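Welcome! Here is a short briefing to read alongside the model. Please have a look at the sequence and the 3D view before going on.

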Amino acid sequence: MKLAEALQERADLNRRIQQLQQRLNNNAVVQEGEQPAEDPQELLIELDNCAANLEQLITRINLTNCRTAVDGENLTALLARRDALKLRLSAYRDLAYSASQLGRRGTRSEIKLLSTVNVRELQKNVDVLARELRLLDNSIQAANWSTDLS
């Protein structure tokens, strides 16, 4: 199994667990004399099995990420860099958007708003970060599809 397939399976297991939680909640209480639509004990067994499978899969994914090198760095470090880039990019985009919203004055007596940052330079930084994130993500995806799960 490739790492990318394991990541897809992890996402499927997470969705399945969420669905089981919802089904458990839907069947937790019934009116006296009624039966639940599904047996909560069976749902709990299925939930426990899914959680155990997820635990094993996450362990294997993390071990594979630590052992897999891309351009001299392991996938774990690249994933951390990607997360940090996403945070920075989001903050820069939000700042560029906010600094661009200067509004319009109807009369000379209205308060004039001024940007505290150079929006043009900030947007250039956003473009550089977006490109860096895109390239990094491409490298990670390529590694995911070419690496066998440990």
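Helix 2 and helix 3 (residues 75-100) pack with their axes 5 Å apart, at an angle of about 95 degrees. Helices here are DSSP runs of H or I with at least four residues, strands are runs of E with at least two, and both are numbered from the N terminus. This is a predicted model, in which local features need pLDDT of at least 70 and side-chain atom pairs count only at pLDDT 80 or more, while totals for chains, interfaces and linings use all residues. Residues are numbered from 1 along each chain as its sequence is written, and side-chain values use heavy atoms, with hydrogens and water left out.

**How the helices pack**

- Two packed helices are described by the angle between their axes and the distance between the axes.
- The axes are lines fitted to C-alpha atoms, for helices over the stretch in contact, and the angles run from 0 to 180 degrees between N-to-C directions.
- Helix 2 and helix 3 are roughly perpendicular to each other, because their angle is about 95 degrees and 65 to 115 degrees counts as roughly perpendicular.
- Which residues meet where these two helices touch? N62, N65 and C66 in helix 2 meet L75, T76 and L79 in helix 3, where contact means heavy atoms within 4.5 Å.
- Helix 1 (residues 3-26) and helix 2 pack at about 155 degrees, with their axes 9 Å apart.
- That makes helix 1 and helix 2 roughly antiparallel, the word for angles over 145 degrees, while angles under 35 degrees count as roughly parallel and the rest as oblique.
- The crossing of helix 1 and helix 2 is left-handed, which is the case if the near helix is turned anticlockwise from the far one by less than a right angle; clockwise would be right-handed.

- T64 lies in helix 2, which covers residues 40-67.
- Is T64 buried or exposed? T64 is buried, with a relative accessible area of 1%; buried means under 20%, exposed over 50% and partly exposed in between, using a 1.4 Å probe and protein chains only.
- Not counting residues up to four places away in sequence, T64 touches L3, T147, D148, L149 and S150.
- The side chain of T64 reaches the backbone oxygen of R60 at 2.7 Å. A polar contact is a pair of N or O atoms within 3.5 Å; within protein, one must be able to donate a hydrogen and the other to accept it, and residues adjacent in sequence count only if both atoms are side-chain atoms.
- T68 sits in the loop between helix 2 and strand 1, and its side chain reaches the backbone oxygen of T64 at 2.7 Å.
- T68 counts as buried at 11% relative accessibility.
- With neighbours within four places in sequence left aside, T68 is in contact with E73, N74, L75 and T147.

- How many disulfides does a search of the whole structure find? The search finds zero, a disulfide being a pair of cysteine sulfur atoms within 2.5 Å.
- C50 is found in helix 2 and is buried, with a relative accessible area of 9%.
- Leaving out residues up to four places away in sequence, C50 touches L13, R16, I17 and L20.
- C66 is also found in helix 2, but C66 counts as partly exposed at 45% relative accessibility.
- Apart from its neighbours within four places in sequence, C66 is in contact with N74 and T76.
- C66 and A77 are eleven residues apart in sequence, and their C-alpha atoms are 8.2 Å apart in space.

- D71 is in the loop between strand 1 (69-70) and strand 2 (73-74), and D71 counts as exposed at 75% relative accessibility.
- Phi of D71 is near 50 degrees, a positive value in a residue other than glycine.
- Q123 has its place in helix 4 (residues 119-146) and is partly exposed, with a relative accessible area of 34%.
- Q123 and Y97 are 26 residues apart in sequence and 9.2 Å apart in space, C-alpha to C-alpha.
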